[in-house]
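Here are my notes for a colleague who has not seen this structure before. Please read them with the structure open.

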Amino acid sequence: MPLSPVLSVALTLVAFWLSRALYRRTRFFLLHPVLLSVAALIAGLRLARVPYQTYMQGGQLIDFFLAPAVVALGLPLYRQLERLGRASLPILASTAAGSVVGVLTAVFPAGLLGASPALLATLAPKSITTPIAIGVSEVLGGLPPLTAAVVIATGILGAVLGPPFLRAIGVRSPTAFGLAMGAASHGIGTARAMEEGQLAGAASGLALGLNGALTALAAPWLVSLARSLLGRP
Amino acid sequence: MIPGLAILFCFLAVGEQASRLAGIPVPGSVLGMLLLAAALRLGLVRGETVQAAADALLDNLSLLFVPAGVGLMLYFDLPARDWWSVLAAVVPSTFLVMAAVGWLQQALERPAGPATSSQPPGTEG
């Protein structure tokens with residue numbers, strides 16, 4: 001069945017619009033707009049027997065704006081760092097630790113289970129915001145669409161189970177709470193952290209930006225470190 | 001909106017060129033983000049100039065990764081073994097990151113003067 005680029009864009013916009021409306025009405029985490037619109041589009045494409053490549057002739061026009069959106073993240077990143085001033089040093093340290101832990105503890109168990117180098121590269125950026133994770137996955141030789149799905153799943157997991165977990169392990173400072181949410185589960189965790197208050201929300205947004213940047217810079221080395229620890233350099 | 005978009009795309013172009021020339025495996029967009037933050041810090045770019053364009057992109061960020069997400073349809077036939085790897089990479093790691101960041105940040109906050117936390121006294125052993 002023919003699917004013009006214009007129709008692909010139209011269908012993507014309509015699917016997202018309806019999904020977001022449903023999510024706003026229900027606030028049910030499994031109805032996350034990205035999850036729902038992706039599921040609806042995949043179902044539609046498969047029913048109509050349209051290959052992904054055909055859909056992407058239009059889809060890439062939306063996808064194209066991911067890269068400038070990542071650059072735009074520089075603005076909130078700068079503002080948060082300015083606002084926090086001297087308090088940003090410990091924040092930088094704990095987020096850096098989170099970045100190292102996030103990549104190593106993702107790649108190591110997967111490697112032990114025999115994941116291919118491409119799959120390891122796909123999984124390495126799982127805790128960072130989707131647009132950056134897609135770029136990192138691409139650069140490392142992973143499978144960017146699978147990275148996108150894994151990142152979204154990580155975000156939902158952290159947003160749902162993170163708050164009770166953090167309370168259970170005794171994390172009470174709102175800044176620490178927000179940073180942990182943002183570093184582990186990026187934007188979806190940040191949306192949840194905002195419900196805990198302004199300070200937690202701001203800290204979470206900062207962790208999202210910092211962890212994205214730090215992981216993008218460090219991931220190539222961390223992945224090869226994990227692979228040499230696994231004896232598969 | 002236009003000046004902001006122009007600035008964002010200029011920083012993206014510079015970031016991509018830098019990533020290519022330096023041969024470093026970091027996405028050009030991330031380098032562009034860091035360069036933009038630095039330019040804002042140095043006062044070379046004013047926040048208000050990029051605000052409208054940045055808001056337009058960031059307010060609709062979720063929409064932008066839907067097409068990439070649809071690409072998941074290419075991996076439905078991934079072997080079961082790989083799905084176990086995915087699970088093993090996602091679940092423990094998410095909690096380990098939270099514990100590492102939460103605990104470290106809380107430990108670093110305490111000695112530094114008035115803590116931002118309102119810790120009830122004597123609730124921790």
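This is a predicted model: local features need pLDDT of at least 70, side-chain atom pairs count only at pLDDT 80 or more; totals for chains, interfaces and linings use all residues.

1. Start with the interface. On the chain B side, 72 residues are in contact with 96 residues of chain A. About 7200 Å² is buried between the two chains. Carbon and sulfur atoms give 80% of that area.

2. Which residues of chain B lose the most area to chain A? They are B:Met33, B:Phe65 and B:Met98. Together they account for 9% of what the chain B side buries.

3. How many salt bridges are counted between chain B and chain A? The count is 1. B:Arg41 forms a salt bridge with A:Glu82. Their closest N and O atoms are 3.5 Å apart.

4. Now look within chain A, at helix α5 (residues 74-84) and helix α11 (residues 198-229). They pack at an angle of about 125°, and their axes are 9 Å apart. The crossing of α5(A) and α11(A) is left-handed. From α5(A), the contact uses A:Leu77, A:Gln80, A:Leu81, A:Arg83 and A:Leu84. From α11(A), it uses A:Ala202, A:Leu206, A:Gly209 and A:Leu210. By class, the residues of this contact are 6 nonpolar, 2 polar and 1 charged.

5. Next in chain A come helix α1 (residues 5-26) and helix α2 (residues 33-47). Their packing angle is about 135°, with the axes 8 Å apart. So α1(A) is oblique to α2(A). The crossing of α1(A) and α2(A) is right-handed. Contact residues of α1(A) include A:Leu11, A:Phe16 and A:Tyr23. Those of α2(A) include A:Pro33, A:Leu36 and A:Leu41. The contact of α1(A) with α2(A) has 9 nonpolar, 3 polar and 1 charged residues.

6. Finally, turn to chain B. Helix α1 (residues 2-22) and helix α3 (residues 47-58) pack at about 80°, with their axes 7 Å apart. That makes α1(B) roughly perpendicular to α3(B). B:Pro3, B:Gly4, B:Leu5, B:Ile7 and B:Leu8 of α1(B) meet B:Thr49, B:Val50, B:Ala53, B:Ala54 and B:Leu57 of α3(B). The residues of the contact of α1(B) with α3(B) are 8 nonpolar and 2 polar, with no charged.

Notes:
Residues are numbered from 1 along each chain as its sequence is written. Chains are lettered from A and ligands numbered from 1 in the order in which they are written. Side-chain values use heavy atoms; hydrogens and water are left out. Axes are lines fitted to C-alpha atoms, for helices over the stretch in contact, and angles run from 0 to 180 degrees between N-to-C directions. Helices (H or I, at least four residues) and strands (E, at least two) are DSSP runs, numbered from the N terminus. A crossing is left-handed if the near helix is turned anticlockwise from the far one by less than a right angle, and right-handed if clockwise. Contact means heavy atoms within 4.5 Å. Ala, Val, Leu, Ile, Met, Phe, Trp, Tyr, Cys and Pro count as nonpolar, Asp, Glu, Lys and Arg as charged, and the others, Gly among them, as polar. Buried area is the accessible area (1.4 Å probe) that two parts lose on being put together, summed over both. A salt bridge is a side-chain nitrogen of Lys or Arg within 4 Å of a carboxyl oxygen of Asp or Glu. Angles under 35 degrees count as roughly parallel, over 145 as roughly antiparallel, 65 to 115 as roughly perpendicular and the rest as oblique.
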